[in-house]
Amino acid sequence: NLLVLSVIAFFIFVERYLTINKAADNDESFMNNIRANVAAGNIAGARALCQTTDSPVARMVEKGLMRIGKPLRDIDAAIENVGNLEVFRLEKNLSRLASIAGAAPMIGFFGTVTGMILAFSKMATEKNVTPDVLAGGIYQALLTTAFGLAIGIFAFVGYNLLVANVEKVVYNMERTTVEFMDMLQEPTT
């Protein structure tokens with residue numbers, strides 16, 4: 001069971017790390033190009049730029065561009081809805097990683113208990129108790145505890161690292177939303 005949990009935790013961590021880092025890539029020229037297209041009245045060009053940029057920010061801005069002409073409140077709500085969906089996608093499987101962080105040590109401790117039961121059972125049935133009679137059960141107890149704790153620590157640290165990275169992406173999404181909404185409110189020259 002612990003081996004399966006370790007493989008799942010590793011897979012979730014690597015997949016989410018790569019996905020979140022890709023979402024965090026922030027092309028500084030993206031919003032400048034959007035601003036230039038919108039200022040020139042080229043909404044289609046701005047939308048095309050969003051469609052060729054694979055990021056949560058681009059999908060949010062595209063939704064806002066689709067709503068141009070509607071009240072700002074509606075545009076902001078549409079962008080916020082897309083943002084919520086993007087955050088949900090970024091947080092996919094993070095709860096599983098958190099569950100593994102909590103469950104792995106408990107499974108390890110369960111192995112400790114069963115190993116100690118085995119050791120005491122052998123002690124009770126043997127007439128001459130020697131250290132090698134106890135060693136197997138104690139070895140199992142210590143091994144499962146160590147393995148469970150190692151998996152739990154990895155999953156816990158990985159979970160917290162990923163949550164911190166998601167928060168950075170969310171901050172960037174919020175900053176871009178504010179910048180986009182401000183852009184829509186700028187007077188045209």
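Let me start with a definition: a patch is made of residues with over 30% relative accessible area and no salt bridge, where like charges are joined within 9 Å and nonpolar side chains (Val, Leu, Ile, Met, Phe, Trp, Tyr) within 5 Å. A salt bridge here is a side-chain nitrogen of Lys or Arg within 4 Å of a carboxyl oxygen of Asp or Glu. The areas come from the Shrake-Rupley method with a 1.4 Å probe, and for residues, only the protein chains shown count as cover.

Before we go on, please keep in mind that this is a predicted model, so local features need pLDDT of at least 70, side-chain atom pairs count only at pLDDT 80 or more, and totals for chains, interfaces and linings use all residues. Residues are numbered from 1 along each chain as its sequence is written, and side-chain values use heavy atoms, with hydrogens and water left out.

Now to the patch itself. Phe 10, Val 14, Tyr 17, Leu 18, Phe 154 and Leu 161 make a nonpolar surface patch of about 530 Å². Which helices each supply at least two of its residues? They are α1 (2–24) and α7 (131–185), and α1 gives the most, with 4 residues. By helix I mean a DSSP run (H or I, at least four residues; strands are E, at least two), numbered from the N terminus. Leu 18 sits in helix α1, and it counts as exposed because its relative accessibility is 56%. The cut-offs are under 20% relative accessible area for buried, over 50% for exposed, and partly exposed in between, with a 1.4 Å probe and protein chains only.

Next, the aromatic rings. The structure holds 2 aromatic pairs. In one of them, Phe 13 and Tyr 17 are stacked, at 5.7 Å centre to centre with 25° between the planes. Rings of Phe, Tyr and Trp (its six-membered ring) pair if their centres lie within 6.5 Å; planes under 30 degrees apart are stacked, over 60 edge-to-face, and the rest tilted. Both Phe 13 and Tyr 17 lie in helix α1, 4 residues apart, which is about one turn of the helix. Is Phe 13 buried or exposed? At 16% relative accessibility, Phe 13 counts as buried, while Tyr 17, at 32%, counts as partly exposed.

Phe 13 also pairs with Phe 154: the ring centres are 5.7 Å apart and the planes are at 70°, so this pair is edge-to-face. Because Phe 13 lies in helix α1 and Phe 154 in helix α7, the pair ties together parts that are 141 residues apart in sequence. Phe 154 is partly exposed, with a relative accessible area of 34%.

A cavity is a set of points, on a 1 Å grid over the protein atoms alone, where a 1.4 Å probe fits but cannot get out; lining residues have an atom within 4 Å of a point. About 40 Å³ of space lies in the largest cavity, and its lining includes Val 57, Ile 79 and Phe 180. Both α4 (56–66) and α7 give two or more residues to that lining, with the largest share, 4 residues, coming from α7.

One last stop: Asn 93, in the loop between α5 (72–90) and α6 (94–125). Most residues other than glycine have a negative phi. Asn 93 has a positive phi, near 70°, and at 18% relative accessibility Asn 93 counts as buried.

Notes. On a 1 Å grid over the protein atoms alone, a cavity is a set of points where a 1.4 Å probe fits but cannot get out, and a pocket is an open set with protein on both sides within 12 Å along at least five of seven lines; lining residues have an atom within 4 Å of a point. Grid points are joined across faces, edges and corners, and a volume is the space filled by probe spheres set on the points.
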